[in-house]
Amino acid sequence: EVIPTDKEEVAFKDLDIAILVGSMPRREGMERKDLLKANVKIFKSQGAALDKYAKKTVKVVVVGNPANTNCLIASKSAPSIPKENFSCLTRLDHNRAKSQIALKLGVTANDVKNVIIWGNHSSTQYPDVNHAKVNVKGKEVGVYEAIKDDSWLKGDFILTVQQRGAAVIKARKLSSAMSAAKAICDHVRDIWFGTPAGEFVSMGVISDGNSYGVPEDLLYSFPVVIKDKAWKFVEGLPINDFSREKMDLTAKELSEEKETAVEFLSSA
């Protein structure tokens, strides 16, 4: 049964999962700060409605951009729901990274696993394949070993994934549709049923307690594994200097977004 409604008490009542796609859409030439101001009001309202009407076990997935900071605002506006229950969609970027590797090697995206999207769902995100594996002719090998083109992996590959959203907007005059819908399905399926053994996925989650030097209280994309509807950071991955710089850059952008959004929040 589908219940279309504009009443918060109906839409948010006893929810198990909330997928928040309704945001001010990004248009060509639009700055993220313009988006932030418009969206703080939306996600403050939705967070408050979740707090009031949804189950305290609700899993909240924020898709509307800027997704990381919108998710943080929704969480801060729903203090009775655990912060860990809020996540934002970086699975679209994750899937794009897998596809780029698969295209380069002439395999399917399903043959590629354990790519990571670190940070913000923006052009500062860091698609990292240092820990990724690919199945080539029945043998699982590291992506760097399989591709044997470090300059591509550190250059055009990263740029293509970072700028794919803007490229889609330029081509369609609208943001991604079917690929975003597929990524939402992947994200929610993994929350509900868990990640396959030996695999991790990328998800924007609260940074508290991470071991990768990312500041606390940011909604930052990390590699996670999920079991029994609870996610955990993938721990102990070695981080080289190249990765460190990229991870810090996207954390800086998120810190700045958060600061701006919290200012807007107090006046929203």
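Trainee: Quick one: which residues does Arg 96 touch, leaving out those up to four places away in sequence?
Mentor: Val 161, Arg 164, Gly 165, Val 168, Ser 176 and Ser 179; a contact here is heavy atoms within 4.5 Å. Keep in mind that this is a predicted model, where local features need pLDDT of at least 70 and side-chain atom pairs count only at pLDDT 80 or more, while totals for chains, interfaces and linings use all residues. Residues are numbered from 1 along each chain as its sequence is written, and side-chain values use heavy atoms, with hydrogens and water left out.

Trainee: OK. Where does Arg 96 sit, and is Arg 96 buried or exposed?
Mentor: Arg 96 is in helix 4, residues 91–105 (helices are DSSP runs of H or I with at least four residues, strands are E runs of at least two, both numbered from the N terminus). Arg 96 counts as buried, because its relative accessibility is 12% (buried is under 20% relative accessible area, exposed over 50%, partly exposed in between, with a 1.4 Å probe and protein chains only).

Trainee: Which side chain meets Arg 96 in a salt bridge?
Mentor: Asp 93, at 3.8 Å from N to O. The cut-off is a side-chain nitrogen of Lys or Arg within 4 Å of a carboxyl oxygen of Asp or Glu. Arg 96 and Asp 93 are three residues apart in helix 4, so about one helical turn separates them. Asp 93 is buried too, like Arg 96.

Trainee: Switching topic: how many salt bridges turn up in the whole structure?
Mentor: The search finds 13. One of them joins Lys 258 and Asp 217, with the closest N and O atoms 2.9 Å apart. Lys 258 belongs to helix 10 (241–267) and Asp 217 to the loop between strand 9 (201–206) and strand 10 (219–227), so the pair ties together parts 41 residues apart in sequence.

Trainee: And which residues are linked in a network of salt bridges?
Mentor: Arg 91, Lys 182, Asp 186, Arg 189 and Asp 190. Asp 190 and Arg 189 pair at 3.5 Å between the closest N and O atoms. Asp 190 is buried at 3% relative accessible area, whereas Arg 189 is partly exposed at 40%.
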